[in-house]
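I open my notebook with the model on screen. I will follow a few contacts, then the strands, then the rings.

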Amino acid sequence: MKVAPKAWMVLCLVILLMLVDDANARRGRARGRTKSRMQIGLPITGKYRDPESDQYYNNNNGAKITLASHFDYEYVLGHKIAFLCVARGTPRPTITWFKDGVEIFSHLYLHVHEWYIGKDKVKSKIEIDPATQMDAGVYECTADNMYSIDRRSFKTDFSIAFD
């Protein structure tokens, strides 16, 4: 089968345009198959379709973390680790702590302290003393009330102190 030169040029041009369009579609993505956070979360406009949804998700009384420890923390084995989380909301939020996705509770070497500040604020702190290799991981502070949930994560790893 013989293809006319003009038809061959049109076919090549169509293929080239498809390749350029596909390359432009991929530009800016970190990884090919993952969805961006914008696609998962709010609409691009940041507004909801109806006022009831907007009022529910953007409620001023919702739990909001106002102060939290640094994200990346390196601790020395045998020393103390401490994380802080302060949240505000009406009604006053409840703070829950997680390590590697599992809720954590006080025990002999891990203490959770909590203070109520005013009628709408709570401060929570966890302390681990002494810290071991098993304490490395991702800690998360979650503040929630009847209107919303807010979370912060803290990544920890250990270092060895040489005296």
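Which residues is Val138 in contact with, leaving aside its neighbours within four places in sequence? I looked up contacts, meaning heavy atoms within 4.5 Å. Val138 touches Phe98, Lys99, Asp100, Ser153, Phe154 and Lys155.

A note on the source: this is a predicted model, where local features need pLDDT of at least 70 and side-chain atom pairs count only at pLDDT 80 or more, while totals for chains, interfaces and linings use all residues. Residues are numbered from 1 along each chain as its sequence is written, and side-chain values use heavy atoms, with hydrogens and water left out.

**Entry: Val138.** I found Val138 in strand S8. Strands here are DSSP runs of E with at least two residues, numbered from the N terminus. I checked the accessibility of Val138: at 37% it counts as partly exposed. The cut-offs are under 20% relative accessible area for buried, over 50% for exposed, and partly exposed in between (1.4 Å probe, protein chains only).

**Entry: strand S4.** S4 covers residues 94-99, and five of its six residues are buried. Two strands pair if DSSP finds at least two bridges between them. S4 runs antiparallel to S8 (residues 137-144), joined by six bridges. I see Thr96 opposite Thr142 in S8. S4 also pairs with S5 (residues 102-103) in the antiparallel sense, over two bridges. Here Lys99 faces Val102, and Phe98 stands opposite Glu103. S4 and S5 form a hairpin with two residues between them, and Asp100 in the turn has a positive phi of about 50°.

**Entry: the sheet.** I traced five strands in an open sheet, in the order S2-S9-S8-S4-S5, with mixed pairing.

**Entry: rings.** I searched the whole structure and got five aromatic pairs. Rings of Phe, Tyr and Trp (its six-membered ring) pair if their centres lie within 6.5 Å; planes under 30 degrees apart count as stacked, over 60 as edge-to-face and the rest as tilted. Tyr75 and Phe158 form a tilted pair, 6.5 Å centre to centre with 55° between the planes. Tyr75 is in S2 and Phe158 in S9 (residues 149-159), 83 residues apart. Tyr75 is buried at 2%, whereas Phe158 is partly exposed at 27%.

Methods
Helices (H or I, at least four residues) and strands (E, at least two) are DSSP runs, numbered from the N terminus.
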